[in-house]
Amino acid sequence: MPVINVSWDDAKQYVAWLSRIAGEEYRLLSEAEWEYAARAGSNTAYSWGAEPGTGNANCNGCGRATMLQTVPVGSFRPNVFGLFDMQGNVWEWVEDVWHDSYVGAPVDGSAWLPGGDGNYRVIRGGSWHNETELVRAAVRLERDSQVKFDTLGFRVARNMRP
């Protein structure tokens with residue numbers, strides 16, 4: 001099951017802990033990395049196509065019996081990058097500070113940290129509770145970094161060295 005009911009600070013503490021015990025550098029994805037991974041080379045609203053379809057994600061209206069909670073990771077096909085549940089199931093915290101637009105955002109895929117209000121962070125992906133429009137790859141929302149919901153979790157990335 002995905003981790004839920006965690007604040008952005010909780011997610012940051014977890015990746016710091018994981019990095020210490022594993023001896024590798026783990027972190028939250030940047031918003032740009034998240035969208036690249038979610039789209040998996042597509043330019044459609046969903047990594048699997050232009051429409052939500054049936055059986056592609058856990059969301060309200062995604063074509064299966066409405067789930068009233070998260071489902072086990074891997075309950076749906078992975079995207080073409082092999083990543084599960086990038087859209088639907090739970091919103092995912094990313095590293096970036098909330099900005100109202102992409103004007104001035106880094107062009108190298110790194111997290112956008114300067115400016116904005118550091119108390120608000122970006123979430124991506126939509127959840128089991130949301131309608132299909134909110135699980136589109138382009139959707140982004142802001143949340144206070146301290147909130148915890150049963151629709152909110154995170155995804156871990158590991159820095160790779162050549």
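**Figure 1. The whole chain.** Read from one end of the sequence to the other, the protein chain goes α-β-α-β-β-β-β-β. That makes two helices and six strands, where helices (H or I, at least four residues) and strands (E, at least two) are DSSP runs numbered from the N terminus. The radius of gyration of the protein chain is 15 Å, close to the 15 Å that the globule rule gives for 162 residues, so the chain is as compact as a globular protein of that length. Here the radius is taken over C-alpha atoms, and the rule is 2.2 Å times the number of residues to the power 0.38. The C-alpha trace spans about 40 × 35 × 35 Å along its principal axes.

This is a predicted model, in which local features need pLDDT of at least 70 and side-chain atom pairs count only at pLDDT 80 or more, while totals for chains, interfaces and linings use all residues. Residues are numbered from 1 along each chain as its sequence is written, and side-chain values use heavy atoms, with hydrogens and water left out.

**Figure 2. What is inside, and what touches what.** Buried residues make up 44% of the 162 residues in the protein chain; buried means under 20% relative accessible area, exposed means over 50%, and partly exposed is in between (1.4 Å probe, protein chains only). Of the contacts with a separation of 6 or more, 67% come from residues 24 or more positions apart, a contact being heavy atoms within 4.5 Å.

**Figure 3. Tyr-14 meets Phe-154.** The structure holds four aromatic pairs, and this is one of them. The ring centres of Tyr-14 and Phe-154 are 5.6 Å apart and their planes are at 55 degrees, so the pair is tilted. For the rule behind that: rings of Phe, Tyr and Trp (its six-membered ring) pair if their centres lie within 6.5 Å, and planes under 30 degrees apart count as stacked, over 60 as edge-to-face and the rest as tilted. The pair links distant parts of the chain, with Tyr-14 in helix H1 (residues 8–22) and Phe-154 in strand S5 (residues 152–154), 140 residues apart. Tyr-14 is partly exposed at 34% relative accessible area, whereas Phe-154 is buried at 16%.

**Figure 4. Tyr-36 meets Phe-81.** These two make another tilted aromatic pair, with 5.4 Å from centre to centre and 45 degrees between the planes. Tyr-36 sits in helix H2 (residues 31–39) and Phe-81 in the loop between H2 and strand S2 (91–98), so the pair ties together parts that are 45 residues apart in sequence. Tyr-36 counts as exposed, at 58% relative accessibility, and Phe-81 as partly exposed, at 38%.

**Figure 5. Two arginines over tryptophan rings.** Arg-121 lies over the face of Trp-8, 3.7 Å from the ring centre. Over at Trp-98, the charged end of Arg-140 sits over the ring, 4.2 Å from its centre. A charge sits over a ring if NZ of Lys or CZ of Arg is within 6 Å of the ring centre and within 35 degrees of the ring normal.

Figure 6. A disulfide is a covalent bond between the sulfur atoms of two cysteines. Taking a disulfide as a pair of cysteine sulfur atoms within 2.5 Å, the count here comes to one. The sulfur atoms of Cys-59 and Cys-62 are 1.7 Å apart. The torsion about their S-S bond is about 90 degrees, so the disulfide is right-handed. Both Cys-59 and Cys-62 are buried.

**Figure 7. Strands side by side.** Strand S2 and strand S3 (residues 117–124) run antiparallel and are joined by four bridges; strands pair if DSSP finds at least two bridges between them. Glu-92 stands opposite Arg-124 in S3. Next, five bridges join S3 to strand S4 (residues 140–144), again antiparallel. Here Val-122 stands opposite Glu-142 in S4.

**Figure 8. Helix H2 against the strands.** The buried residues of H2 are Glu-31, Trp-34, Glu-35, Ala-37, Ala-38 and Arg-39. They pack against S2, S3 and S4. Just after H2, Ala-40 takes a positive phi of about 50 degrees.

**Figure 9. Thr-151 and its surroundings.** Thr-151 is found in the loop between S4 and S5. Thr-151 is buried, at 13% relative accessible area. Leaving aside residues up to four places away in sequence, Thr-151 touches Val-90, Trp-91, Ser-127, Trp-128 and His-129.
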